[in-house]
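Please keep the sequence and the structure in view while reading.

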Amino acid sequence: MQTNAPFWDSLVFEGIDDVDVEAVTAAFGTVEVVARGRAARTACPDCGRFSDRVHDPYQRRLKDLPLAGQGFVIRLTARRFICGSTDCPRRTFAEPFSRLAAQLGFAAGRMTLLRRVMALPDPQLNTPHVLGVDDFAIRRGQTHSTVLTSVEDHRVVDVLPTREAGPRAAWLIRHPGVEIICRDRAGAYAEGARRGAPDALQVADRFHLWQGLGRAVETCVAAYRDCLRNPSPGGVLPKATGAASGRPQDDSNPVGRRAERKKAAHALVRELLAQGHSRRSIARHLGWGLNTVLRYAKAARWQDTLRENQPQPSRLAPYKPYLERRFAEGCTSVTRLHGELVAKQAPVTYGMVRAHIATLRGAPSGAPPRPPTVRQVTGWITRHPRP
């Protein structure tokens, strides 16, 4: 978040006319002050002659011990001047920031400057009326934390070490005044908001709303995947089957080890729920995530827990129409087609082009196009139509 730069310029560097504070940021546990010199010229320390010829600028990174539990860094941009005196043995000299500190009446030194800055009180942060809550990964899949932001001015307010409800509720109790909480859909965030700010309105951000809509559409389309593989004549969809109406179909149940695991997990969760155990106690007992238990608890059939696989798009996918057009024009040389793509700076390999050309050679003329996948149909429904 950006803090008040004139405040630091007037108090931290008061009396030093040759230093400007450009910006001060405080985010993710670190306070950073960006400053630079503004003197038009300076004197050579050997001959005393003033010079305004700048050789080059460089940045000095002054770092000290943490300030109020946060790291503290000063990034000071200094300049190196060229001495124009032919009799002086020194050719270049640095901008003397340390001597400027004498104007304040204390000994020169970067540590003294840092102690001066650290002695100032921390800037006071106002509690935002609209608080944004989301998680981020410190170590993906293992360690996650919570970031609190002000939705109104897009600044980071605080960072909590975990995603649990306790620290979140404690923060809200210490900072009253939050009216709207725009949060992730995680259950721990909802519980923390209820405990810490019961009067605040909880809303979901548009990313998670759009993500939930996409998943719902994908689940609906997946129920009609047989219609995509075997379209009816005339483009009319067949009548709704048992899978669409919610009745199980024994003849279309998925098979395999993954299906067996899903079936057993669903039966186990439903049995524990029937015995009167809560969802959180089931998650702790089985060592599963709460979202996993909720997914099995909400599914009426174990088949509903299966999700369509989402393969990653190939790097060759954007260039397949070009290859198919060139192949239809009569250019069937893999080496030549690969060279044309490389000339266009396409990130493809020779093997990718050869495999795709092999499929084009094996496809009979006039063959119908491949049926669309569940993911493609979901994109047609949810994406904005192109003009």
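A charge sits over a ring if NZ of Lys or CZ of Arg is within 6 Å of the ring centre and within 35 degrees of the ring normal. In this predicted model, the charged end of R41 is placed in this way over the ring of F50, at 4.7 Å from the centre of that ring, and the charged end of K344 sits over the ring of Y322, 5.2 Å from its centre.

The structure also holds two aromatic pairs, which are set out below.

| Pair | Distance of centres | Angle of planes | Class |
|---|---|---|---|
| F81 and F93 | 6.0 Å | 20° | stacked |
| W288 and Y296 | 6.0 Å | 45° | tilted |

How do the two helices pack? Helix 9 (residues 257–274) and helix 10 (residues 279–286) have their axes 10 Å apart and meet at an angle of about 130°, which makes helix 9 oblique to helix 10. The crossing of helix 9 past helix 10 is right-handed. On the side of helix 9, the contact is made by L268, V269, L272 and L273, and on the side of helix 10 by R279, I282 and L286.

Key. Residues numbered from 1 in each chain as written. Predicted model: local features only at pLDDT ≥ 70, side-chain atom pairs only at ≥ 80, totals over all residues. Heavy atoms only, no water. Phe/Tyr/Trp six-rings, centres within 6.5 Å; stacked < 30°, edge-to-face > 60°. Axes fitted to C-alpha atoms, helices over the stretch in contact; angles between N-to-C directions. Helix = DSSP H or I, 4+ residues; strand = E, 2+ residues; numbered from the N terminus. Parallel < 35°, antiparallel > 145°, perpendicular 65-115°, else oblique. Left-handed = near helix turned anticlockwise from the far one by under 90°. Contact = heavy atoms within 4.5 Å.
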